[in-house]
Amino acid sequence: MKTVFTILLLLPTFIQLRAQVEQPQRFEIIQKYLDEEFTVISLEREGLALFRGTNQYKDRMRSWQVMLLDTTLNIKVDTLVNIEREYNIIGFEYTTGILSLLFQSGEFIKDKIALCDIELKDSNINIYNIKTEVELKLSFFSRLQQSILFAGYINNEPAIVMYDLVKGKAQMVPGFLQRNTELLDMRVNLNATFNVVMVEKMSGENKRIIFRTYDAHATLLLEDIIESEASYTIFNAISSNLYRDDLLLIGTWGTRSSDRALGFYTTLVNPFEEQKTKLVQFGSLQHYLDYLKPRRADKIKTKTKAAILEGKLFEYTNNSLPYKIVEHQNGFIVLAETYATGTNNSDFYNNRNYTQPWNSPYYYYNPYYPRFGSSRPYQSLSYGQNVAQEDIEIKTYSSSLLFINAKGIIENDFSAKLEDFKISGIKQISDVAYFNDSAIVVYRKKHDILFHKVDLLDSKSKNGNVKIKLNDDFDDLRTDDDQDAGIKCWYNNVFYTWGYHSIKNTNIKGNKTREVFYINKVVVH
């Protein structure tokens, strides 16, 4: 029998510089030795969802536990979803009112795929058995109204399949299956359209970024071809979601001879004018190198500045991934993280399996509109580990914010050192929210929540840290499994953090120790 605790934590925690952090609620559920680990999904103002596999099997079916919590961390729904035991969970998607869980058996989407839709208002569950007859290896999937978008590769050529859940039919989205192209991003917009970003990989020629927008019927609405210089390589790209009227593309770039990036590029989509990417070297940013020792950072900045004045490159390279774009009335905020890998660097950028993990969702905050939806990068899982299966060691160095104006130009930046956090795969460590004209970046360090509230104009920040709050004063934390812990933006200035605790309470009789999975609600003022 499972035991659940939902506790009101009424006393706010104050930190220096007049900033304030509250942890008003905490959720706990007993975690037994053989229990699978939870995946937590933000449903924004509709609450949180938790799901995990169970050890319950009947006939050919396996049960998956799904829990829905409200914004005060009280349980609304605790149910089981029965899926054929040969299926594995490969991704999830939240759109307003619906949580979608994607299961697959086999390597391609022509093999068995099941989509489980949970309607958040009345908890109705609908399971769709999807058949496409397409040998597509999945890279992204998204929900667009009553259709599912599957994006990936057929014989190493990008392709997108749109599957109509009502009609039970699949169609190929036109304009793909092109050689020497790579699929970098797929993303659903607020207005029921979706964006696709590809890059050409032809040696010795200018690399063109291909940006397209399609409607909900897979009709091409817009195409923009953006030139980049032949000697440079585009490593990755993400696009904004049309919360603003303009669309931003951002990613990292480098030389053709290197597998590490030299800096960030930005461009606004404009099919009516020719434009090139705006290239910014890491060493030309004011704060990007703050995680380094000051003497080394200053040396790199000085050499970069001198090289730029001479029309050259100073080849300081790094591994950096942009994870998230936040749109606001004056421009954009981009969250990126800097890593070192324990394997050959070519694996980091050039292997398509090393994109953002499937469960690193872009949880956007926008002060004017509800979020419509976003793509879910797909990854094969060692389920419950929240990391990809590939055996690599990652050391995270820093979380960076890029403040980009309405013209697509990086005006300022901010960087927070992540204390050389070691993880066993690429996943997002920090997160950012935009609230009251400030950017709030948060991350975990063992049992501490660290945050910086950053002014967008001058990059000055109010820093702070607070311990994760336990149920009462008699709780003593014995162990904190920080490898499976995390923190994400929920909505506005509200975050949620989760993990696994072993706690001893000296004020109770009988068994004083409990092993729990927990979620704390965190509000940053």
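Is Arg 296 buried, partly exposed or exposed, and what is its relative accessible area? Arg 296 is partly exposed, at 47% relative accessible area. That value falls in between the two cut-offs, because buried means under 20% and exposed means over 50%. The model is a predicted one.

- Arg 296 is part of helix α1, which spans residues 294-309.

**Cysteines**
- The count of disulfides in the structure is 0.
- Cys 116 has a relative accessibility of 0%, so it counts as buried.
- Cys 489 also counts as buried, because its relative accessibility is 1%.

**Loop residues with positive phi**
- Glu 44 sits in a loop that links β5 (39-42) and β6 (48-58).
- The phi of Glu 44 is positive, near 50°, and this residue is not a glycine.
- Glu 44 counts as buried, because its relative accessibility is 12%.
- Ala 218 belongs to the loop between β19 (207-214) and β20 (220-228).
- Ala 218 is not a glycine either, yet its phi is positive, at about 70°.
- With 5% relative accessibility, Ala 218 counts as buried.

Conventions. Residues numbered from 1 in each chain as written. Predicted model: local features only at pLDDT ≥ 70, side-chain atom pairs only at ≥ 80, totals over all residues. Heavy atoms only, no water. Disulfide = S-S within 2.5 Å. Buried < 20%, exposed > 50% of the residue type's maximum accessible area, 1.4 Å probe, protein only. Helix = DSSP H or I, 4+ residues; strand = E, 2+ residues; numbered from the N terminus.
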